Amino acid sequence: MSNVQQSRMDAIRQGVERIVESNLLSDTFVSIALEDPSACQYVLRKILNQKDLKVVQSKGQYRLLNLTAKDAILDILAEDGSGRLMNIEMQRKDTVDHARRTRYYGSMLDKSSLDKGLSYDQLPDVYIIYISETDMLETGEAVSRVKKTFGKDAKTYEDGRHVIYVNADVDDGSEVAKMMKYFKTADPDDMSQGMLSKRVRFLKREKGGYQRMCEAAEQLIDWGMKQGMEQGIEKGIEQGIEQGNEQAAKNMYKKGFDPEMIADVLNKSLAQVKKWLGLPLD
C-alpha cells in the first residue's frame, strides 16, 4: 500500500471516529441517521405532531443544483405519502441569517418540484424545519411556527410553505424537548426514542452501521477535495491545484479532520496546512 493510500485509509478511520462521537446536532451524523425513512418519520411525527405521517423516502446531504446561482445542500430532504416535501436543517452557528436561509431553501425546493407546464396549484406543500442548538430566537419554547397573516384583522395567509423552528436548548416538558435531549447525546444505549434510537444504535454499535460510517467518511473526503479542486481551477489552471488543495484543507477541517491528517492526505507540509487554516505554527 502506498503512502497516499495509507493516508487515505487513516483519514477514513479518523472520519468514522469523529462521526461516531457526534450527536444528532451534527449535520453530518444527522444526515446519515435520518436518511433512514423510519428514523426520519419518527422525528417528523414528533415535531409536526402528526402520528399518521408516513415518510416514503428521505435523503441526506441532498444537493439542489442552480446553474446560475448558489446551490443548496439540504441536510435532510424527505417526502411523505401525500407528496409534501420536508427539509430538516441543523444550525449551530449564530452568524447565519436564518430567515433568509430558510427563504432560499424554500425557493429552491419550489423551483425543483414544479415541472414545466404545470400550474402553480400543483406545487407541493413544503416544510422547512430548522433545528438550532440554542434559543436563537429567544422564544422560550421547543417548537415555534412562523405564522403568516395579512390585513388589519391579521387573517391567515396560506401559501403552502411552512417554517418551523425547533430549539434544543429549552426544556418546556414537551415530547419534542425530550427528543432534543436525546439529540444532544445520541447515546446508543438509550432506546427511549423508538426508531430513531434503533437507527443510532445500528450506526454506532453494529457492523453494518460501521460500514455506512466508512462510506460517509470517504464521501466527505472526496467531496472536500473535489470542491476544493473545482473552486481552485475556476481561478486559473496555473494556480488551480494549489488553491484547490487549500480549499480542500478548509473543507476537511470544518468536518473535524486534524491538521496532521489533512497534511498527510494532501501530501503537504503541516506548516502549509496550518497556514491555510489560519492556525498558529507553534
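Q: What percentage of the 282 residues of the protein count as buried?
A: In this predicted model, 43% of the residues count as buried.

Q: And how many helices and strands are there?
A: The protein has 10 helices along with eight strands.

Q: Which residues touch the most other members of the largest nonpolar core?
A: They are Leu24, Ile88, Ile131, Phe183 and Leu196, in a core of 43 residues. Helix H3, residues 37-48, supplies the largest share of this core, with seven residues.

Q: What does leucine 24 touch, leaving out residues up to four places away in sequence?
A: Leucine 24 touches Phe29, Val30, Ala33, Met90, Tyr182, Phe183, Ala186, Leu196 and Val200.

Q: Back to H3: how do the axes of H3 and helix H6 lie?
A: Helix H6 covers residues 194-205, and its axis comes within 7 Å of that of H3, with a crossing at roughly 140 degrees. H3 is therefore oblique to H6.

Q: Is the crossing of H3 and H6 left-handed or right-handed?
A: H3 passes H6 in a left-handed crossing.

Q: Which residues in H3 and H6 meet?
A: On the H3 side they are Ser38, Ala39, Tyr42 and Val43; on the H6 side they are Gly194, Met195, Leu196 and Arg199. Leu196 is also one of the core residues that touch the most other members.

Q: A change of topic: what is the accessible surface of the protein?
A: The total is about 15,700 Å², and carbon and sulfur atoms account for 49% of that surface.

Q: Of contacts between residues at least 6 apart in sequence, what share joins residues at least 24 apart?
A: The share is 58%.

Notes. Residues are numbered from 1 along each chain as its sequence is written. This is a predicted model: local features need pLDDT of at least 70, side-chain atom pairs count only at pLDDT 80 or more; totals for chains, interfaces and linings use all residues. Side-chain values use heavy atoms; hydrogens and water are left out. A nonpolar core is a set of buried Ala, Val, Leu, Ile, Met, Phe, Trp, Tyr and Cys residues joined through side-chain atoms within 4.5 Å. Buried means under 20% relative accessible area, exposed over 50%, partly exposed in between (1.4 Å probe, protein chains only). Helices (H or I, at least four residues) and strands (E, at least two) are DSSP runs, numbered from the N terminus. Contact means heavy atoms within 4.5 Å. Accessible areas come from the Shrake-Rupley method with a 1.4 Å probe; for residues, only the protein chains shown count as cover. Axes are lines fitted to C-alpha atoms, for helices over the stretch in contact, and angles run from 0 to 180 degrees between N-to-C directions. Angles under 35 degrees count as roughly parallel, over 145 as roughly antiparallel, 65 to 115 as roughly perpendicular and the rest as oblique. A crossing is left-handed if the near helix is turned anticlockwise from the far one by less than a right angle, and right-handed if clockwise.
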